[in-house]
Amino acid sequence: MTKIDDILSVAISLDIDPDANSAVRGRHDALSSPVESGKINVDACKMGLQKILALLNIYDIDATLFYEARTARMLVEDGIDLPRLSERHEIACHSLKHEDFLGKVSGMPMKKEAIEEAITKAKDILENIFERDIKGFRAPYTRINQAVVKTIEQAGFHYDSSETVAVDAEWTGNPFSLEMFNSRLLELALPSLPDTRGRRMSSYLWAIFEGRRVSGDYIDAVLRAKNIAKGGLFIFSLHPWHVYVDCRGNPFTAEQLQKNLENLETIFSQLKQMRDIQILRQDEYIENWLVSQVV
Ligand SMILES: [Zn+2]
């Protein structure tokens with residue numbers, strides 16, 4: 001059996017939220033762009049999610065699905081059998097309506113009670129749809145504060161995955177507790193690192209879909225992380241809608257759509273072929289890590 005310390009773990013995570021969503025001044029929830037329409041669309045999310053889950057099946061990859069509860073409910077109402085489609089994957093929470101908890105764009109930081117209400121309701125909705133325990137949380141815009149962290153801890157989540165850490169010489173890729181928020185909740189942070197030309201990149205794949213990066217940038221990032229810290233977890237993230245529409249909500253050309261799918265497939269296929277790499281769900285990684293701490 002492979003020991004967790006001998007290999008780099010890689011997780012594929014999806015933030016499943018409305019198409020080209022954006023925070024809006026004067027309201028807590030997010031709308032699809034252009035926000036002037038006052039609407040939420042999930043058409044691109046629906047197509048992207050089905051395509052990505054089909055690709056993950058082909059490459060036999062288990063992923064972590066951070067569902068915004070409102071989007072999950074809309075997809076179910078649209079006739080999508082989400083529990084069946086998501087069966088092999090971890091179900092995690094990405095808020096109720098993509099709230100701007102800290103009020104950075106809305107201009108209205110949310111009070112503790114409102115944060116509690118939104119997160120508890122989101123967890124209930126997801127547990128009802130999927131009939132499973134929800135352990136992971138990722139905040140909209142990956143922005144958390146003490147009230148958010150305390151709420152998810154009290155609501156019974158096992159971990160948060162909203163923070164970002166630099167992949168430098170000290171990077172371990174291990175979970176850490178959110179002491180800066182006065183909490184013992186574990187964090188599975190997203191990696192950020194310079195690319196081969198020294199430009200900082202995140203592990204969100206949006207730059208590929210906008211034609212700004214190629215799959216090789218991401219594969220190279222994993223190889224560098226592997227050289228720094230075996231035993232750690234490198235988390236990829238993507239938004240299903242972004243395969244089909246850009247961040248302003250404009251549909252991609254057929255050519256760009258094809259490129260997006262090919263890039264995604266290249267990443268999945270190359271990760272599967274890499275030596276000393278295991279691809280697993282974030283909840284599985286954290287369980288393995290907790291066991292390794294006891295021994
Ligand atoms: Zn989101």
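Colleague: Which residues make the nonpolar surface patch of about 370 Å²?

Modeller: Val291, Val294 and Val295 make that patch. A patch takes residues with over 30% relative accessible area and no salt bridge, joining nonpolar side chains (Val, Leu, Ile, Met, Phe, Trp, Tyr) within 5 Å and like charges within 9 Å. The areas come from the Shrake-Rupley method with a 1.4 Å probe, and for residues only the protein chains shown count as cover. Keep in mind that this is a predicted model, where local features need pLDDT of at least 70, side-chain atom pairs count only at pLDDT 80 or more, and totals for chains, interfaces and linings use all residues. Residues are numbered from 1 along each chain as its sequence is written, and side-chain values use heavy atoms, with hydrogens and water left out.

Colleague: Why is valine 294 called exposed?

Modeller: Its relative accessible area is 72%. Exposed means over 50%, buried under 20%, and partly exposed in between (1.4 Å probe, protein chains only), so 72% counts as exposed. Valine 294 belongs to helix H9, residues 282–294. Helices (H or I, at least four residues) and strands (E, at least two) are DSSP runs, numbered from the N terminus.

Colleague: What makes Asp17, His94 and His98 donors of the zinc ion?

Modeller: Donors are N, O and S atoms within 2.8 Å of the metal (3.2 Å for Na, K and Ca), though water is not among the atoms, so sites may look incomplete. Here Asp17 (OD), His94 (NE2) and His98 (NE2) lie 2.0 to 2.1 Å from the zinc ion, so they qualify. Aspartate 17 sits in the loop between strands E1 and E2 and histidine 94 in the loop between strand E5 and helix H4, so the pair ties together parts 77 residues apart in sequence. Both aspartate 17 and histidine 94 are buried.

Colleague: Why is the pair of tyrosine 67 and phenylalanine 130 called tilted?

Modeller: Rings of Phe, Tyr and Trp (its six-membered ring) pair if their centres lie within 6.5 Å; planes under 30 degrees apart are stacked, over 60 edge-to-face, and the rest tilted. These two have centres 5.0 Å apart and planes at 35°, so the pair is tilted. Tyrosine 67 is in strand E4 and phenylalanine 130 in helix H4, so parts 63 residues apart in sequence are tied together.

Colleague: And what makes phenylalanine 137 and phenylalanine 157 edge-to-face?

Modeller: Their planes are 65° apart, with 5.6 Å centre to centre, so they pass the edge-to-face cut-off.

Colleague: How do you know that the charged end of lysine 123 sits over the ring of phenylalanine 157?

Modeller: That call needs NZ of Lys or CZ of Arg within 6 Å of the ring centre and within 35 degrees of the ring normal. Lysine 123 is 5.5 Å from the centre and is listed as sitting over the ring.

Colleague: What about lysine 135 and glutamate 287?

Modeller: They meet in a salt bridge at 3.6 Å, N to O. Lysine 135 lies in the loop between H4 and E6 and glutamate 287 in helix H9, so parts 152 residues apart in sequence are tied together.

Terms used. Salt bridge = Lys/Arg side-chain N within 4 Å of Asp/Glu carboxyl O.
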